[in-house]
Amino acid sequence: MSWQAYVDNLVASTKVDKAAIYSKAGDSVWAQSVGFNLSAIELSEIVTGFDNSSGLQAKGLHAQGIKYFLLRADDRSIYGKKGAEGLVIVRTKQAVLLAHYPEGVQPGEATKIVEQLADYLISVGY
């Protein structure tokens with residue numbers, strides 16, 4: 001399966017409206033939804049946030065120029081929320097999955113879909 005197919009499957013779940021997969025280092029895009037682009041600075045802050053969340057706690061979580069309230073950040077997952085929308089970001093052995101859920105989707109539903117994909121990728125070495 002191509003990396004784009006994973007992104008497309010996340011969006012097809014209807015729990016996520018935009019998604020992307022980046023290398024774990026954040027230095028390359030493996031797949032993404034059309035128009036879902038993060039700046040190099042935003043991606044760097046996210047990648048750094050897995051190991052040291054103090055920057056995200058102090059400045060917030062940013063994606064596509066939008067500031068999200070940081071709900072959780074640890075060495076596996078980062079969650080952010082802005083109003084009724086939010087982000088679910090999960091790091092695997094080799095990748096970072098980033099998904100946006102729209103208003104009307106329960107955060108737990110989006111989280112479950114993204115975390116399940118991360119678990120699968122980890123199980124197959126990614």
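Q: Which residues is Ala 20 in contact with, leaving aside its neighbours within four places in sequence?
A: In this predicted model, where local features need pLDDT of at least 70, side-chain atom pairs count only at pLDDT 80 or more, and totals for chains, interfaces and linings use all residues, Ala 20 is in contact (heavy atoms within 4.5 Å) with Val 7, Ala 31, Gln 32, Phe 36, Val 96, Leu 97 and Leu 98, once neighbours within four places in sequence are set aside. Residues are numbered from 1 along each chain as its sequence is written, and side-chain values use heavy atoms, with hydrogens and water left out.

Q: Why is Ala 20 called buried?
A: Buried means under 20% relative accessible area, exposed over 50% and partly exposed in between (1.4 Å probe, protein chains only); Ala 20 has a relative accessible area of 1%, so it is buried. Ala 20 lies in strand β1, where strands (E, at least two residues) and helices (H or I, at least four) are DSSP runs, numbered from the N terminus.

Q: What makes the phi of Thr 14 worth a remark, and where is Thr 14 placed?
A: The phi of Thr 14 is near 65°, which is a positive value in a residue other than glycine, and Thr 14 sits in the loop between α1 and β1 (18-23). With a relative accessible area of 56%, Thr 14 counts as exposed.

Q: Why is Gln 64 called partly exposed?
A: The relative accessible area of Gln 64 is 30%, so it counts as partly exposed. Gln 64 belongs to the loop between β3 (61-63) and β4 (66-73), and has a positive phi of about 55° although it is not a glycine.

Q: How do you know that α1 and α4 are roughly antiparallel?
A: Helix α1 (residues 3-12) and helix α4 (residues 107-123) pack at an angle of about 155°, with their axes 10 Å apart; axes are lines fitted to C-alpha atoms, for helices over the stretch in contact, and angles run from 0 to 180 degrees between N-to-C directions. Angles over 145 degrees count as roughly antiparallel, under 35 as roughly parallel, 65 to 115 as roughly perpendicular and the rest as oblique, and α1 and α4 are therefore roughly antiparallel to each other. The contact is made by Trp 3, Tyr 6 and Leu 10 of α1 and by Ile 113, Val 114, Leu 117, Tyr 120 and Leu 121 of α4.

Q: Which residues of α4 are buried, and what covers them?
A: The buried residues of α4 are Ala 110, Thr 111, Val 114, Glu 115, Leu 117, Ala 118 and Leu 121. Seen down the axis of α4, these buried residues fall within an arc of 155°, so they line one face of the helix, the arc being that of the directions from the helix axis to the C-beta atoms. Their cover includes α1, β5 (77-82), β6 (85-91) and β7 (95-101), whereas Lys 112 and Ser 123, on the other side of α4, are exposed.

Q: Which residues of α2 are buried?
A: Those of α2 are Glu 42, Leu 43, Ile 46, Val 47, Gly 49 and Phe 50. They cover an arc of only 155° around the axis, which puts them on the same side of α2, while Ala 40, Ile 41 and Asp 51 are exposed on the other side.
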